Amino acid sequence: FLPHLVASLEQVEQTYIMVKPDGVQRGLVGEIISRFERKGFKLTGLKLFQCPKELAEEHCKDLKTKSFYPTLIDYITSGPVVCMVWEGVGVVASARKLIGSTNPLQAEPGTIRGDLAVQTGRNVVHGSDSPENGKRETALWFKEGELCEWTPAQAPWLME
Ligand code: IDP
Ligand code: MG
């Protein structure tokens, strides 16, 4: 029992991060995973997955009215994606910062999109935009039993 690791349990969030098909095709999977890993968040789910159309539509349902919606669905289902769940205090907002702005040309250097992409329609990675959506998207993309609860050996060196 490590009291310092459970003290802030209610503050622990989940975010759904996905390397999109362009990131997989361009060989950026390791690079993208590394950024979250090095930051110090905890990986609790990971799989390579060919997304069916119905799941892409459910995931993107808030964008249904947008002109780019059909091409977005084609993009997300165009090849395998890497699905991940990362956990930590403040992980949702922090992951969005690591990812950078939706338009890679406006994304700051040092962010994933700022360093690795040029177009909104090929912006290599997805990240949940709120803790609620982090939970919703985790449940959408992962079945129970696919997630791992574990304590990283480095935990006491990341959190006092
Ligand atoms: P986000 O991924 O930064 O949260 P959202 O507005 O939620 O951005 O849009 C979801 C995804 O839809 C974007 O990551 C991008 O792949 C795609 N998208 C958003 N706006 C456009 C656009 O204007 N043209 C083409 N694709 C877009
Ligand atoms: Mg979004």
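The model is predicted: local features need pLDDT of at least 70, side-chain atom pairs count only at pLDDT 80 or more, and totals for chains, interfaces and linings use all residues. Residues are numbered from 1 along each chain as its sequence is written, chains are lettered from A and ligands numbered from 1 in the order written, and side-chain values use heavy atoms, without hydrogens and water.

Start with strand E1, residues 12-19. Helices (H or I, at least four residues) and strands (E, at least two) are DSSP runs, numbered from the N terminus. Two strands pair if DSSP finds at least two bridges between them. E1 pairs with strand E3, residues 81-89, in the antiparallel sense over 8 bridges. Within this pairing, Tyr-16 stands opposite Val-85 of E3. E1 also pairs with strand E4, residues 125-127, again antiparallel, over 3 bridges. There, Met-18 has His-126 of E4 as its bridge partner.

Now turn to the rings. Rings of Phe, Tyr and Trp (its six-membered ring) pair if their centres lie within 6.5 Å; planes under 30 degrees apart count as stacked, over 60 as edge-to-face and the rest as tilted. By this rule there are 4 aromatic pairs. One of them joins Tyr-16 and Phe-142 edge-to-face, at 6.4 Å centre to centre with 70° between the planes. This pair links distant parts of the chain. Tyr-16 is in strand E1, while Phe-142 is in the loop between helix H8 (131-141) and helix H9 (155-158), 126 residues apart.

How accessible are these rings? Buried means under 20% relative accessible area, exposed over 50%, and partly exposed in between (1.4 Å probe, protein chains only). Tyr-16 is buried, at 0%. Phe-142 is buried as well, at 6%.

Phe-49 and Trp-141 form another edge-to-face pair, 6.2 Å centre to centre, with 80° between the planes. Phe-49 lies in strand E2 (residues 42-49) and Trp-141 in helix H8, so the pair ties together parts 92 residues apart in sequence. Phe-49 is partly exposed, at 25%. Trp-141 is buried, at 3%.

Tyr-16, Phe-49, Trp-141 and Phe-142 form one aromatic cluster. A charge sits over a ring if NZ of Lys or CZ of Arg is within 6 Å of the ring centre and within 35 degrees of the ring normal. Lys-47 lies over the face of Phe-49, 4.7 Å from the ring centre. Its charged end also sits over the ring of Phe-142, 4.7 Å from the centre.
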